[in-house]
Amino acid sequence: MADIKGILFDKDGTLVDFNATWLGIADFMAMDAAEGDRWKADRLLAAAGFDFASKRFKPDSIFASGSNMDVVELWFPRRSNEDQMLAVSRFNEITSVQGSSMAVALPGVIDSLRTLHKRSYRMGVATNDSTSGAEKTLATLGVAQLFDAAFGYDAVANPKPAPDTVVAFCDLTGLKPGEIAMVGDNRHDLEMARAGGCGLAVGVLSGTGTRDSLAPMADVILDSVADLPDFLAARVKVPAG
């Protein structure tokens, strides 16, 4: 049984209530991209994985698990590289400022993070949002001081599901991959855990992922990060006495 000493958390859907935080921002981005055309904006949202019937983003959809670059490539496939990068910069600004200021923590998450920090776990964020957006979100939630670092898609050469963020976190903390738990609500998170050799892949049902979508890649599935401290405490071997 791996001795877990560090934890990497996905951000949206894991620490932050994805739909409460991002539905309005996604709509703003789509309307911005569609230059105010409501019909076109709705088509862009649907392409990015928004289900208008349930008013939620589908598991593992572009908007649920991809980066702003992924969104730009989907929405503006025929633009030049230069124009695409301008669009990425525009979306980074929107998500960094609005996404962080509107961040809504999932129930019980803040207390759980504080508990884990008191237990001396090294903690980081691994997100396909921008690094700036992740850092500002942690500050908005009042938990930035609990984390060693936040890694956005722009902090590594290859974002999730590539293992680069696991490697970066190991380099920063001195931990081995097998000593790290990766916690997330989408397959991308768990695929990164597997690719990076993490000791524990934890799926949570607090975001866009479902038990069916997470089960093939997860070592365990919890309802939310609020359940993580008790789970980790229970799996630690207690010496016989």
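Setting aside neighbours within four places in sequence, Ala26 is in contact with Leu45, Phe57, Phe63 and Trp75, where contact means heavy atoms within 4.5 Å. This is a predicted model, in which local features need pLDDT of at least 70 and side-chain atom pairs count only at pLDDT 80 or more, while totals for chains, interfaces and linings use all residues. Residues are numbered from 1 along each chain as its sequence is written, and side-chain values use heavy atoms, with hydrogens and water left out.

Ala26 is found in helix H1; helices (H or I, at least four residues) and strands (E, at least two) are DSSP runs, numbered from the N terminus. Ala26 counts as buried because its relative accessibility is 1%. Here buried means under 20% relative accessible area, exposed over 50%, and partly exposed in between (1.4 Å probe, protein chains only). Ala26 and Phe50 are 24 residues apart in sequence, with their C-alpha atoms 9.3 Å apart in space. Helix H1 (residues 18-33) also holds Asn19, which is buried at 11% relative accessible area. Beyond four places in sequence, Asn19 is in contact with Lys55, Arg56 and Phe57.

## The six-stranded sheet

Let's turn to the strands. Six of them form an open sheet in the order S5-S4-S1-S6-S7-S8, with parallel pairing; two strands pair if DSSP finds at least two bridges between them. Strand S5 (149-151) and S8 stand at the edges with a single partner strand each, so one side of each has no neighbour in the sheet. On average, neighbouring strands are turned by 25° against each other, direction ignored.

Strand S1 (residues 6-9) is covered on both faces, with Gly6 and Leu8 buried on one side and Ile7 and Phe9 buried on the other. S1 pairs in the parallel sense with strand S4 (residues 122-126) over four bridges, and Val125 in S4 is the bridge partner of Phe9. S1 also pairs in the parallel sense with strand S6 (residues 180-184) over four bridges, where Ile180 is the bridge partner of Gly6. Helix H8 (residues 164-173) lies across S1, S4, S5 and S6, running at about 150° to S4. For such angles, axes are lines fitted to C-alpha atoms, for helices over the stretch in contact, and angles run from 0 to 180 degrees between N-to-C directions.

## Nonpolar cores

A nonpolar core is a set of buried Ala, Val, Leu, Ile, Met, Phe, Trp, Tyr and Cys residues joined through side-chain atoms within 4.5 Å. The largest one has 31 residues, and Phe9, Leu15, Leu113 and Phe147 have the most contacts inside it. Elements giving two or more residues to this core include S1, S4, S6 and H11, while H6 gives the most, with four residues. A second, separate core of 26 residues includes Ala33, Leu44, Met69 and Val88.

## Helix packing

The axes of helix H6 (residues 109-118) and helix H11 (residues 228-235) come within 9 Å and cross at roughly 35°. Ser112, Thr115 and Leu116 of H6 meet Leu228, Pro229 and Leu232 of H11 in this contact.

Helix H5 (residues 81-101) has 21 residues and reaches 30 Å from its first C-alpha to its last, close to the 30 Å expected at 1.5 Å a residue; the expected span is 1.5 Å times one less than the number of residues. Among the buried residues of H5 are Val88, Phe91 and Ile94. The buried residues of H5 pack against H1, helix H4 (68-75) and helix H7 (131-141).
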